[in-house]
Amino acid sequence: MALLALKAFFALAVLIVAAYGAGIWIGKLLPNTFREFERAVFSLLGGLGILSSILFLVGQFSFTRLSIGLVLGLAAVLGAGGVFRWKAEYAPENRPVGKSSATAIWIVACVLSVTAVAGLAEITGDWDNDAVAYHLLGPKVWLRDGVIRPVLDNSHTAFPQIAETLFGALLGIGGTRAPNFSGVLMLGLLLAVCAATGRRLGMSERDAWWAAAIVATMPAVFAGSHGCFIDGLYAAFLIAAMRLAFDAQRWSEWAVLGLFCGFAMGTKYTGLLAVPILIFCAIAMRAREKTGWRNLARNAVTAIVAGGVIAAPYYLRNWMMLGCPIYPPPPGYASFCSPKYMPADVISNFHAYIRERGAGMGRGIFAFLLLPLNLTYHTANFHGAGGIGLCPLGLGPIGVIAARKNPAARMMLLLALLLTAAWFVTQQESRFLIPVYGMAAIFAVLGWRDAVRGGRFFSRAIAIILVAISVSYGAFMIGETTLPEMRTVFSPAYAASRRTQEIPYFSSFEYLNREPSVQRVLVLDRSIPPYYLDKPYIKPIGQWGERTLPGAPDEAGALEEARTLQVTHVLDVISASSPFQVKVGAPGLRLVFEGPGQRVFLVE
Amino acid sequence: MREAEGNQEGRQPKDEFWSVASEIWMALVVVAFFAIRILGSETARALFSRWGAR
């Protein structure tokens, strides 16, 4: 375990230095209202995006440890000099932290520590765990194949891949624990960007720490930022773009804004909705300035073009290889693309699933108006992982009213409302709304300061009680969910029992991975998560019903073609969707391993 | 300059009505939390039903 942890730590350190090197020029292009700390944060965050984009492009031709090492190494050389320079200029001893912010700093430090320790746990779970189903499946297969290609048996591996490409690089140089461990970086960057935005809206350093602490203790944010979930990174890109939109003046500053928009679109499809909304809000905010419409239009076009250039490779790749830029295709796809490997009934089933999962607590106007209450108190209806705490509802409205004359706060409010509306009509999955939760936390701290400004004892007391309940309830929920993960880090016996309990068909995977005669496995049930298989495999019907083989045969058809497909072993299981599909004694197949509800056959 | 604007905006003297309204709103949110999340939880419901049975 110590070696795995060391490797993960090393890989993340290399990634941080390399990202800083790749993004160091971004810090120099930021508007002059940015402080030194913000420049470092934006350089690192933007550098992650740049680095991932380069790795993705290189990975279309070669995604091996050598190519990853070369890209990271070159960027790290650039970054190392920058890190030392920045460290000298921004040494902690030169920046004393006020005592009053100690509680908030302590909360942030605790949450990040928990994220780091829990991040060293092995990812386990079945096909319901997105990390197992596709966030890590893609990177593992890319490294095995030495090239980045969508894994046809899970269409979600074709999602935009800025985060997954970074997971692949970490997996390549830091081993199996490194991708999960990177959650501490992703969450840390999100908190830093939220704090930076708070500072721009007039917060003191102490209040900015509190904004970070409130975001950190939102279980919904935590759930989307660790365990190889990518929503935290997506939110960091989007909030960074918003922060830039407050102040961007020159076209180069708008271009950097566009880069962050591109990174958001390159991380998650939801960015395709969020970015136009963000650009619209930026134009609405800046329209009153005296720079003129022509100048504003030119700047907005610059941002859109920069964002488009960054995001284009992900969508063009999908279009060329899978027949549709957005894959799985959205409703109405037939008018602009013809997706491969996904029959029409599979696509409509997928759409039905999304509609059902994202129903939340209804889609009418009344449900929209009740969202603040429902998101706060009925979080389970939005797959909310413990909710967002009381601060957004209890203090956010006060902050909105208090900051109503600040143009940047007005833009943030408009953006939050429009993003919420877009989320409401598409898929009401709580973690998809993390950018808005970050903005709500900023308004909450502004509201907190305003509520206690009059000096009334009751105001101060009730505000402190509210924040204390919110933060402690969130911390409790985060602690409760991560306790098993942290236990696996310190107890090998518990880790072993968790593996056997949580990895479906564990004994078969163990057999297939250790047996040298296994060259290629035919996986016969769509519920089997091939992430746990270290050998090449064929899965004729994917998780969502994808047909992965030429001629689109089903499992029985693929079984008949086993020899032609160069399959050496067949994995057959009893699952919720099907019984065993191969009879013991079937011609050409010899049973070589059997466990509860699982069989492995050798193709003779 | 922009940050200075941010610090100044919305910083007019607070009036009594606004302070009381803020307090009531915050108190309502806290009370609703206890009512819905704590007293309305499965554990609390099970506890109450046991008391009722007695």
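**Exercise 1. Determine the strand order of the open sheet in chain A and identify its edges.**

Solution. In this predicted model, local features require pLDDT of at least 70, side-chain atom pairs count only at pLDDT 80 or more, and totals for chains, interfaces and linings use all residues. Residues are numbered from 1 along each chain as its sequence is written, and chains are lettered from A in the order in which they are written.

Step 1. Strands are DSSP runs of E with at least two residues, helices runs of H or I with at least four, both numbered from the N terminus; two strands pair if DSSP finds at least two bridges between them.

Step 2. The 5 strands of the open sheet follow the order E2-E1-E3-E5-E4 in chain A, with mixed pairing. Strands E2 (537-538) and E4 (589-595) of chain A each have a single partner strand, so one side of each lacks a neighbour in the sheet.

Step 3. Strands E1 (521-523) and E3 (569-573) of chain A run parallel and are joined by 3 bridges; Val521(A) has His569(A) as its bridge partner in E3(A).

**Exercise 2. Characterise the side of chain B that touches chain A.**

Solution. Step 1. With contact defined as C-beta atoms, placed from the backbone, within 7 Å, 19 residues of chain B are in contact with 28 residues of chain A.

Step 2. Helices H1 (2-8) and H2 (16-38) of chain B are the elements giving two or more residues to this side. H2(B) gives the most, with 12 residues.

Notes. Two residues are in contact if their C-beta atoms, placed from the backbone, lie within 7 Å.
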